[in-house]
Amino acid sequence: MEIQTISSVKLLLALLVPLIGTVGVMLMGKNENIREGISSVASIFLLLIVASMIPAVLDGKILVFHMFTVLPGLTVTLRADAMSMIFALVASSLWTIAVFYSLGYMRAHQEHAQTRFNACFALAIFGAIGVAFSDNLFTMYLFYEIVSVCTYPLVAHAQDKAGYEGAKKYIIYLTTTAKLFLLPALILIYVLTGTLDFPTNISDGLFTDGLSSGNIQNWMVIMLYIFCIFGFAKNGIMPFHHWLPGAMVAPTPVSALLHAVAVVKVGVFCTTRVMLYVFGTDTMHALNLGIPTAYFVGFTILAASILALCKDNLKERLAYSTVSQLSYIILGVALLTPSGIDGGLIHIVNHAFAKITLFFCAGAIMIAAHKKDISEMGGLGKTMPITFACFFIASLSMIGAPPVAGFVTKWNLLVGSIEAHQMGILLILIASTMLNVGYFAPVTYKAFFGKRPEGETYQGIKEAPLTMLIPIVIACTISVLLGIFPNFMMQLVRTVTG
């Protein structure tokens, strides 16, 4: 398919909508109905703008919008291609759902500083959309840092000792790794290649010509690759994962934002974007970078799953589940086989809708029953059947069971590991699936078949408010539909790999 590049102001509009939403929220902060109305309208507008670009991208076009030039070969430019559309669709659609859920949660919990919360939420989406539509590594780095800064007040929202400690760990981990690893790598890549612009396919990368002519040393490219993997610490790869469970002190809508919509998805999107469009499959094959990366993140998959088994607090268990699940995305791409890359990229979508459902359910349980620990949730399924049914369905997606979206991921990853002739990776995927069952199944079983803790009754416990329950059902339903009808999103994924 011939690739045509066309200029489009839609990219700028997509970036401006959450920014305008932020300003509107701050100006109308005293009127909560108007404030949240602005957030809702902005999220819907963003989704419509992103969706309007899909036909052109599926038709093989790349949309670009040049903002300004910093140095020769160093620009701030926006670009919509198939890979950026995958993440942009996830971020924009989940923002729409999360806005309505946050409205119910924050009011039911009578949270303070709701204007600041909504403004920072919109700014985080601004950063995520900027990352999605980055045309080069420099633009991506700028928006990556914006996401880190804008989400700090959200993690510290409670303004207590635990909140400040969690936020301190969060910002130190993410900004230190970006400055220590990513920024030097970015500068050196620019010096070596003269550009940071992403190619239009996943084969070439920026180093192919230099390696073939012998101008660039192999060890240097390998070092830069390692720096990029660790520099995007939002990807949750061990040992740079401790910030993620620590950030669970934030309100549940923030946890959902961190794990499904913006922060960690920004991390894995940037990591896989760099793997495919900075280094490229040709260079990764030539330097044997793929399979070692797959085994390296395979350790994170298993170790984080084992840690999840040990956690009684539901949000902590979900946090370690996220650490594990993120590495599926990187593992799939690192296999460098068509099915592997398909499985990795589609998991950006599949994990997002399932994980936001799980966190929404955790928030609903906290609001309705005031329970955070799994050991205290015995019998709650009888009084909150919709919430726990949605939790069960979303957990099936995390496990990889049909007909939910996660099955599409697991199928492609398993096929990809066979294509790559890596039985070790196949065993890691099977073992992690068993561990997924081990830490998700007890939650549902205890809720529907367990007994209430001694001395506690069901009196007064009912489902969370509709403003929270409806987004839960919508996110859960989309997760099922993505499993039954995967072709739409797979079209975008295969446009990347094709």
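Me: Axes are lines fitted to C-alpha atoms, for helices over the stretch in contact, and angles run from 0 to 180 degrees between N-to-C directions. At what angle do the axes of helix α15 and helix α16 cross?

Reply: This is a predicted model, where local features need pLDDT of at least 70, side-chain atom pairs count only at pLDDT 80 or more, and totals for chains, interfaces and linings use all residues. Residues are numbered from 1 along each chain as its sequence is written, and side-chain values use heavy atoms, without hydrogens and water. Helices (DSSP runs of H or I, at least four residues) and strands (E, at least two) are numbered from the N terminus. Helix α15 covers residues 338-369 and helix α16 residues 385-399; their axes come within 9 Å, and the crossing angle is roughly 150 degrees.

Me: Is α15 roughly parallel or roughly antiparallel to α16?

Reply: Under 35 degrees counts as roughly parallel, 65 to 115 as roughly perpendicular, over 145 as roughly antiparallel and the rest as oblique. The axes cross at roughly 150 degrees, so α15 and α16 are roughly antiparallel.

Me: How many nonpolar residues does the contact of α7 with α9 have?

Reply: Helix α7 (residues 161-193) and helix α9 (residues 218-231) pack at about 140 degrees, with their axes 8 Å apart. Among the residues making the contact are Phe181 and Leu188 of α7 and Met223 and Phe227 of α9. By class there are 2 polar and no charged residues, and the nonpolar count is 14.

Me: Which side chain does the side chain of Asp81 make a polar contact with?

Reply: Asp81 lies in the loop between β3 (74-80) and α4 (82-108). Asp81 is buried (under 20% relative accessible area; exposed is over 50%, partly exposed in between; 1.4 Å probe, protein chains only), because its relative accessibility is 5%. A polar contact is a pair of N or O atoms within 3.5 Å; within protein, one must be able to donate a hydrogen and the other to accept it, and residues adjacent in sequence count only if both atoms are side-chain atoms. At 2.9 Å, the partner of Asp81 is Arg79.

Me: And which side chain makes a polar contact with the side chain of Ser321?

Reply: Ser321 sits in helix α14 (residues 314-334) and is buried, because its relative accessible area is 0%. Not counting residues up to four places away in sequence, Ser321 touches several residues, including Lys355 and Met398. The polar contact, at 3.4 Å, is with Tyr439.

Notes
Contact means heavy atoms within 4.5 Å. Ala, Val, Leu, Ile, Met, Phe, Trp, Tyr, Cys and Pro count as nonpolar, Asp, Glu, Lys and Arg as charged, and the others, Gly among them, as polar.
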